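Subject: Structure handover

Hello,

Below is the structure for you to look over. My notes on what was found in it follow.

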Amino acid sequence: MTGLSHLDSDGKARMVDVGGKAVTARSATASGRFVTTAEVIALVTADGLPKADVLATARIAGIQGAKKTSELIPLCHPIFLSSVNIDFTLEESSIVVTATAKTTGQTGVEMEALTAVAIAGLTLHDMVKAVDAAASMTDVRVVEKTGGKSDLRVEITPNTAIVLVSSTRSANGTQDDTTGPRIAAWLDERHYSTQTEIVADADIRTALAAAVAAHPAVIITTGGTGASPSDRTPEATAAVLDFELPGVAEAIRALGLTKTPTAALSRALAGVAGGTVVVNLPGSPGGVKDGLRVLDELLPHLVAQVAGRGAHD
């Protein structure tokens, strides 16, 4: 009827028979992003919330959730978990939750890793709701699994890049874009195969998510990093990043400040999304020039590190 493994030929839900599968060592890693406020992050760091040790409580809850996955999700197999590890990465206004579950058996542990992340996130919400009732848990997904019939690991296409120009006026044809071609030319000189796309400010979130899904080595955005109501590039970027590289963004801002005080208004981010290096640059030609000057020294080393090799391998 369908290709879904949990449906039989009549379309009825079933537990998949794994009796014939090989017993192998299996692991899965999942992640999610708990989006809150800078105030909450400061309180978590200082252990200043009313419910005390937030991260320790969320870690224990996530581990317990992983152990009870088969009770919570009807068609999951009860399995013996050899370990569950949960880590938290604190960012400016979010917490990245990462869980790795391991077993030796006949079925995978993706659901256990996902459940660990989800339950840890729900616990974070319960712990901080007195301060931020609007906090949310987003982007819960499997990022890696090994040991089964089909392993999952994001494969980045080397020497590929996508340039995203966030400009409503350029997208509707009322203004020529000069920043995108400059970035693309800079990447071409460094032997990247480059695609450039111009999108309206309101569409940057969707465009950036699609760009990350294409798994290029590098994504550079330009525009939408300021403080106007239409500037949404930093928010779109934060939604896809696995972790930030604040030093890169600060280096670009610092160079800009030597030229103009308005560089301090930039909210640009830099970081890594599923193995892709993502960097926001301002929308001005001068800001792009300064950003590329910083990246000229950093990008080769950064791309090499993210790929797990030395800069000169």
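A salt bridge here is a side-chain nitrogen of Lys or Arg within 4 Å of a carboxyl oxygen of Asp or Glu. The model is predicted, so local features need pLDDT of at least 70 and side-chain atom pairs count only at pLDDT 80 or more, while totals for chains, interfaces and linings use all residues. Residues are numbered from 1 along each chain as its sequence is written, and side-chain values use heavy atoms, with hydrogens and water left out.

Salt bridges

Searching the whole structure gives 9 salt bridges. One of them joins glutamate 110 to lysine 145, with 3.8 Å between the closest N and O atoms. This pair links distant parts of the chain, 35 residues apart: glutamate 110 lies in helix α4 and lysine 145 in strand β4 (residues 136-146). Helices (H or I, at least four residues) and strands (E, at least two) are DSSP runs, numbered from the N terminus. Lysine 145 is buried, at 17% relative accessible area, whereas glutamate 110 is partly exposed, at 24%. Buried means under 20% relative accessible area, exposed over 50%, and partly exposed in between (1.4 Å probe, protein chains only).

Arginine 190 pairs with aspartate 296, the closest N and O atoms being 2.7 Å apart. Here 106 residues separate the partners: arginine 190 sits in the loop between α6 (179-189) and β7 (193-199), aspartate 296 in helix α10 (residues 285-306). Glu189 joins Arg190 and Asp296 in a network of salt bridges.

Nonpolar cores

A nonpolar core is a set of buried Ala, Val, Leu, Ile, Met, Phe, Trp, Tyr and Cys residues joined through side-chain atoms within 4.5 Å. The largest has 29 residues, and those touching the most other members are Val84, Ile86, Phe88, Ile95, Val97, Leu124 and Val128. Elements giving two or more residues to this core include β2 (83-90), β3 (94-105) and α4 (110-128); α4 gives the most, with 8 residues. A second, separate core of 26 residues includes Leu187, Ala270, Leu281 and Leu302.

Helix packing

The axes of helix α7 (residues 204-213) and helix α8 (residues 233-240) come within 9 Å and cross at roughly 35°. Axes are lines fitted to C-alpha atoms, for helices over the stretch in contact (heavy atoms within 4.5 Å), and angles run from 0 to 180 degrees between N-to-C directions. Among the contact residues are Leu208 and Val212 of α7 and Ala236 and Val240 of α8.

Regards
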